[in-house]
Amino acid sequence: MIGSLALWLMYAWLLAAIVASYLSGRKGYGEKPGLASGLLLHVIGVIIWLVIPAKDNSKWKTVGPFGRRKAEQIAPHAAAAADDESGSGTGSRAASA
């Protein structure tokens with residue numbers, strides 16, 4: 001019985017390290033400090049990274065805690081060009097060139 005408990009505790013320890021690494025990377029500090037704090041401080045490391053403020057140009061502030069940027073935010077000119085091409089009705093690029 002102690003072997004299965006040790007396995008579950010190890011999974012929780014590794015999950016805390018993964019979450020802390022993700023949070024620190026999203027907040028703009030890099031993944032290594034989060035990994036180190038997650039491995040050494042376990043669940044407290046995750047709580048610490050939830051409290052630490054994000055840097056100004058981090059993904060946490062620009063995109064959010066989860067998610068990715070939309071195509072319009074990455075390349076607004078390419079998204080507008082794609083909308084223009086789909087609405088023109090020419091059929092192919094060779095015909096329009």
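Me: Buried means under 20% relative accessible area, exposed means over 50%, and partly exposed covers the range in between, with a 1.4 Å probe and protein chains only. Why is S58 called buried?

Reply: S58 has 4% relative accessibility, and 4% is under 20%, so S58 counts as buried. This is a predicted model, in which local features need pLDDT of at least 70, side-chain atom pairs count only at pLDDT 80 or more, and totals for chains, interfaces and linings use all residues. Residues are numbered from 1 along each chain as its sequence is written, and side-chain values use heavy atoms, with hydrogens and water left out.

Me: Where is S58 found, and which residues is S58 in contact with?

Reply: S58 sits in the loop between helix 3 (43–51) and helix 4 (59–62). Contact means heavy atoms within 4.5 Å. Setting aside neighbours within four places in sequence, S58 contacts R26, K27 and G28.

Me: What makes a run a helix, and how many helices does the chain have?

Reply: Helices are DSSP runs of H or I with at least four residues, strands are runs of E with at least two, and both are numbered from the N terminus. The chain comes to 7 helices and 0 strands. From the N terminus, the elements run α-α-α-α-α-α-α. Of the 97 residues, 19% count as buried.

Me: How do you know that the buried residues of helix 2 line one face?

Reply: In helix 2 (residues 31–41), the buried residues are G34, S37 and G38. Down the axis of helix 2, they fall within an arc of 100°, so they line one face. The arc is taken from the directions from the helix axis to the C-beta atoms. These buried residues pack against helix 1 and helix 3. The face turned away from the buried side carries the exposed residues K32 and L40.

Me: What makes the buried residues of helix 3 a face?

Reply: Helix 3 has G45, V46 and W49 as its buried residues. They fall within an arc of 100° seen down the axis of helix 3, so they line one face. Their cover includes helix 1 and helix 2. Exposed V43, I44 and V51 are on the face turned away from the buried side.

Me: Why is the pair of W8 and Y11 called edge-to-face?

Reply: Rings of Phe, Tyr and Trp (its six-membered ring) pair if their centres lie within 6.5 Å; planes under 30 degrees apart are stacked, over 60 edge-to-face, and the rest tilted. The structure holds 2 aromatic pairs. In the pair of W8 and Y11, the centres are 5.7 Å apart and the planes are at 80°. The distance is within 6.5 Å and the angle is over 60, so this pair is edge-to-face. W8 and Y11 are 3 residues apart in helix 1, which means about one helical turn between them.

Me: What makes the pair of Y29 and W49 tilted?

Reply: The ring centres of Y29 and W49 are 5.5 Å apart and the planes are at 50°, so the pair is tilted. Y29 is in the loop between helix 1 and helix 2 and W49 is in helix 3, so the pair ties together parts 20 residues apart in sequence. Y29 is partly exposed at 31%. W49 is buried at 7%.

Me: What makes L7, W8, M10, Y11, W13 and L14 a patch?

Reply: Patch residues have over 30% relative accessible area and no salt bridge; like charges are joined within 9 Å, nonpolar side chains (Val, Leu, Ile, Met, Phe, Trp, Tyr) within 5 Å. A salt bridge is a side-chain nitrogen of Lys or Arg within 4 Å of a carboxyl oxygen of Asp or Glu. W8 is exposed at 60%, and Y11 is partly exposed at 42%. Both values are over 30%. Together the six named residues have about 610 Å² of accessible area, computed by the Shrake-Rupley method with a 1.4 Å probe and only the protein chains shown as cover.

Me: How do you know that the phi of H42 is positive?

Reply: Phi of H42 is near 55°, a positive value in a residue other than glycine. Most residues other than glycine have a negative phi. H42 follows helix 2 and lies in the loop between helix 2 and helix 3. H42 counts as partly exposed at 38%.

Me: How far apart are L50 and L23, and what does L50 touch?

Reply: L50 and L23 are 27 residues apart in sequence and 7.2 Å apart in space, C-alpha to C-alpha. L50, in helix 3, touches L23 and K27, leaving out residues up to four places away in sequence.
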